[in-house]
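Thanks for coming. Please have the sequence and the 3D view open, and I will go through some of the contacts.

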Amino acid sequence: MEEAQRLVLERVRLLPPEWIPLDDAPGRVLAEPAVAVVDLPPFDSSAMDGFAVRAADTPGRLPVGFRIAAGRPAPRPLEPGEAMAIATGGAVPDGADSVIPVEYVVDHGNEVEIQEAVEQGAFVRPRGGDARRGAVVVEPGVRLGPGHLGALAAAGVAEVHAARRPRAAVLTTGSELRTPGEELEPGQIYEANGVILAAQLASAGAVVDRLSAVADEEAAHREALERGLEADVLVTSGGVSVGPHDLVRDVGAELGVEEVFWRVAVKPGKPLWFGVRDGTLVFGLPGNPVSSLVCFELFVRPAVLALQGVSQPGPRFTPGTLTAAVRRNSGRDELARARTTLVAGEVTLEPVSGQESHMIVRAAEADALVLIPRGDGELPAGARVRFLQLG
């Protein structure tokens, strides 16, 4: 598994960057550092609703010289021996060095009574205390989430330099496939892998072109694969094993796809095929839906993220504890589907029933893939393991 992941990432070529407005940047990956346009905050501001004062004038009874609203600075400096009412976020006037919250004073309207000494600098957010102008707000290689976007907006960043979103094509193969809603005839099944893969690709930041499913005919495969190879990433499902109707590898080779590897010591997902053509990454995933889902998380998602410049494309395994024993596979690493529960701050993992690779309904009960390293015997209940979060 690790060797296959390495071979995939070695073939990734970073996509070119583009300038995009901040409103269009959720989920995009920075190609260069984004720096603050202003000091943040841009002035000394109040952390509380209260009164701006000089610490040296407290305790005492002080006249209220002005009431400062957020967005409107005081018309003059604070005079010695007076206070100014101030709202949260308001600009602390020159001459003031502290703010006392409104609940700590007795407000008599034109004057305020402060019964205890105020510490200098109390409840004042200093200019540039969060970030100085020119400081890096978000580093390159970061995929922008809500917190990053908020920080960039607050720092005055209007647009960012981010990698172009990968164009991804999804192709499912098999004469037996029908679209949900159609009437099934004997021997036919509803096509699910295209839906799964399109959702996974979109969640990884790709722009998805879902091609129509193709029958097990060479001409149909050739036409669909040729179209899919125009994308940055082509993901197929089915047709990569050794049956007489498994045509993806042969047709792909005819179209110039250089095979990097075929088959991986992982369960589910052994028949995985990976190749490249002119920079296009080509993933031939197995037809069983759980195999397809698992292979995407292990091999395709890291590649799609790496195309965008994510500094650590994964997959990211985190620790947890098994609640039940799991038998190991002597020849292959296995990804068991499981449900997570948080118990006393510890993630526990309960394998779901029905681990066969065709059981997508059983897999839908799971929110984690537990890595069961290949070996003999079993991992007992209570064993420490690593898992990938799903969803």
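D49 has a relative accessibility of 42%, so it counts as partly exposed; the scale calls a residue buried under 20% relative accessible area, exposed over 50%, and partly exposed in between, with a 1.4 Å probe and protein chains only. This is a predicted model, where local features need pLDDT of at least 70 and side-chain atom pairs count only at pLDDT 80 or more, while totals for chains, interfaces and linings use all residues. Residues are numbered from 1 along each chain as its sequence is written, and side-chain values use heavy atoms, with hydrogens and water left out.

Back to D49. It sits in the loop between β3 (45–46) and β4 (50–53). Helices (H or I, at least four residues) and strands (E, at least two) are DSSP runs, numbered from the N terminus. Leaving aside residues up to four places away in sequence, D49 touches I86, A87, T88, I100, P101 and V102, where contact means heavy atoms within 4.5 Å. Its side chain reaches the backbone nitrogen of T88 at 2.7 Å. As for L272, that residue is 223 residues from D49 in sequence and 61 Å away in space, C-alpha to C-alpha.

Next, R277. Is R277 buried or exposed? With a relative accessible area of 18%, R277 is buried. It lies in strand β20, and a polar contact of 3.2 Å joins its side chain to that of E226. A polar contact here is a pair of N or O atoms within 3.5 Å; within protein, one must be able to donate a hydrogen and the other to accept it, and residues adjacent in sequence count only if both atoms are side-chain atoms. Besides E226, R277 touches L229, L255, G256 and V257, not counting residues up to four places away in sequence.

Now the aromatics. Rings of Phe, Tyr and Trp (its six-membered ring) pair if their centres lie within 6.5 Å; planes under 30 degrees apart count as stacked, over 60 as edge-to-face, and the rest as tilted. That rule gives two aromatic pairs. In one, the ring centres of F261 and F274 are 5.6 Å apart and the planes are at 35°, so this pair is tilted. F261 is in strand β18 (residues 258–262) and F274 in strand β20 (residues 273–277), so the pair ties together parts 13 residues apart in sequence. F274 also pairs with F283, again tilted, at 4.9 Å centre to centre and 40° between the planes. F261 and F274 are buried, and F283 is buried too. F261, F274 and F283 form one aromatic cluster.

On to the nonpolar cores, meaning sets of buried Ala, Val, Leu, Ile, Met, Phe, Trp, Tyr and Cys residues joined through side-chain atoms within 4.5 Å. The largest has 47 residues, and those with the most contacts inside it are L201, F261, F283, L298, F299 and L335. Which helix gives the most to this core? Helix α6 (residues 289–307) does, with 13 residues. Another core lies apart from it, of 17 residues, including A224, L229, L255 and V257.

Last, helix α3 (residues 193–203). Its buried residues are N193, G194, I196, L197, A198, Q200 and L201. They pack against β13 (167–172), β16 (207–210), β17 (233–237), β21 (280–285), α6 and α7 (360–363). After α3 comes G205, with a positive phi near 100°.
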